[in-house]
Amino acid sequence: MLQPSIPPVEPRPSLNTAAKLNVGDRLLRALYPPRANAWQLRWLGFAMLVLAAIFPWLGGPFYTRLAIESFLFGATALSVDILLGYAGLLSLGQAAYFGLAAYISALMYLHVTQSFWLVLVAVVTAVAVFSLVLGAVAIRAKGVYFALITFGAAEILSKIAHNTRAIGGSDGLIGIPVPRITLLPGVTIDLQNNFVFYYAVLGVLVLIYIGTRRILDSGFGAVLRAIRDNSDRVPYLGYNSFWYKLLAYIMAAQVAAVGGLIYPLLRGFVAPHLFGFEVSTKAVVMSLVGGVGTLLGPLAGSVIVTFLESAVGSYTERHLLVLGVIFIVFVMFLPDGLIGLARRLSASRGKAAP
Amino acid sequence: MIKVRALNKAFGGLRAVRDLSFEALPRCVTSIIGPNGAGKSTAFNLIAGTLQPDSGTVELDGRDITGRAPFALARLGVARSFQITNLFFGLSTFENVRLACQSLERRSSYLVRLDRLARPQACARAILAEFGLQERANELVGNLSHGDQRRVEIAVCMALRPRLLMLDEPTQGMSPSETAEFDALIKSLTGRATILLIEHDVDLVMSLSDHVIVMHQGEKLFEGTPDRVRASPLVREAYLGVDHAAV
């Protein structure tokens, strides 16, 4: 679906020549971009960061909060990219971790504690256990079955939340208090203030991005890329691919959970739809729009998709239809996403000017 | 040295490998030949861990390795190539070899940044130089010529520093001149590992092998030096005669 199977290895024309490329070659080139232009990614990341840094002064409170929401879904999109862009696993159930984190965090603020750090520990632990168990099952399945199992698990959680009155049933939980977060003794983060909230979340997202990039820029990440490229070959090099995929899955789950951890503080409520298919697929679309396998792309994609959805939503109820169209257009015409497009444009310009 | 004893494998009613026993001596080339369907590839896959045998044992340097998973075998020093080129086509030649080198490193070093993980890089550069692939280092393996891809397969295997090197029709799909080049290449590796070879090209087998095992309908029909195999009327009837007639 999103991942092309590698075409059989007959000697074929070089991808580097601008000769006619068939669809398979295009997809191949899209998913395996040459590493040479990593500096472009760096510049793009820097530009995005500058834009993000000045945004609250331009946007006003509504858009500032919308931007925060896009950052939270951006973490989920990033988690999709860790799995799809590195390990070659398409998860349609990253909402499971978004929702799980959101519910645990909401329930704890309502009934247990006002300490953000205690909630953080609880969420990290719960997500680690859940992703370990589900991952160990799902990873044994291949291709579309992995997608189905992850999708099914998220749906089950959604139904459980929907039908359990103790956690609010279909109404969800409302009136979640916003805690004061003590960063250091004497330094507290006041989330009532939009600016503070915005920069805190932006900071968290930047840290996650850098951390993820750093972890995947390693021997571990190299093995994951090998798994994505040709998972059948990996064991013959002495790697037990199961563990690599499982670790990537757990890592992605934690990243997806960050969005859920903070979401209740932004919106003040949680509801079963946070586990839903819409959240999971939206993360996939965001990842695709930005560019799979770039880590930066999904973050850009999440901002674009969230704002687009909000804009479309003020005209029509059917914003999901728009999401669907975007998905189809990108799969068909821009499988390497906006970053891929930017890359190709700059490459062709480089060639034009000798 | 590798010892195979009474290996059996059936697919439903078809007994693909029957009571196969043989030994391959260290630093020698042992070849398995036989007509199509003789069970060569099945035997090969049983030894390499790709398939599980129904019964029988495989021993590598005195250690029982029967039925171990491919990743465990690779760590014990078994490297195999594939009949149909099987590499990381979307990664560079360098990265293909580097990944093999990396697998020899401690797993605790796997969170070190890739550009600081120096030893696998040096190892990969050395292997690429040895196999004359430096110029192709940064090209995607999917873009290489068939002959170069076959060469990368062997380079990847040798990067694993194998005790047992298993080559599954390494010259499959090659021109005669490329095959001759490979003949020399494989000869150059003989001192470094026990080599087990499946090959259709009879001339190549006869030129390379120290020991030849002839399989026919799942069983070992004959074994001996290339000369004795060539002289055997039994073998000629089952295999060589037919094959030579076809060529």
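## Helix pair in chain A

A crossing is left-handed if the near helix is turned anticlockwise from the far one by less than a right angle, and right-handed if clockwise. By that rule, α9(A) passes α10(A) in a right-handed crossing. Everything here comes from a predicted model, where local features need pLDDT of at least 70, side-chain atom pairs count only at pLDDT 80 or more, and totals for chains, interfaces and linings use all residues. Residues are numbered from 1 along each chain as its sequence is written, while chains are lettered from A and ligands numbered from 1 in the order in which they are written.

Helices α9 (residues 277–290) and α10 (residues 296–313) of chain A pack at about 115°, axes 7 Å apart; helices are DSSP runs (H or I, at least four residues), numbered from the N terminus. Axes are lines fitted to C-alpha atoms over the stretch in contact, with angles from 0 to 180 degrees between N-to-C directions. The pair is therefore roughly perpendicular (65 to 115 degrees).

## Chain B meets chain A

Here 31 residues from chain B and 24 from chain A take part, contact meaning C-beta atoms, placed from the backbone, within 7 Å. On the chain B side, α2(B) gives the largest share, four residues.

## Two domains in chain B

Chain B splits into domain 1 (1–77 + 163–247) and domain 2 (89–161), with bounds from an automatic or database assignment. Their centres, over C-alpha atoms, sit 26 Å apart. Eight residues of domain 1 touch eight of domain 2, and helix α6 (residues 176–189) of chain B brings the largest share of the domain 1 side, three residues.

Definitions and conventions
Contact = placed C-beta atoms within 7 Å. Helix = DSSP H or I, 4+ residues; strand = E, 2+ residues; numbered from the N terminus. Parallel < 35°, antiparallel > 145°, perpendicular 65-115°, else oblique.
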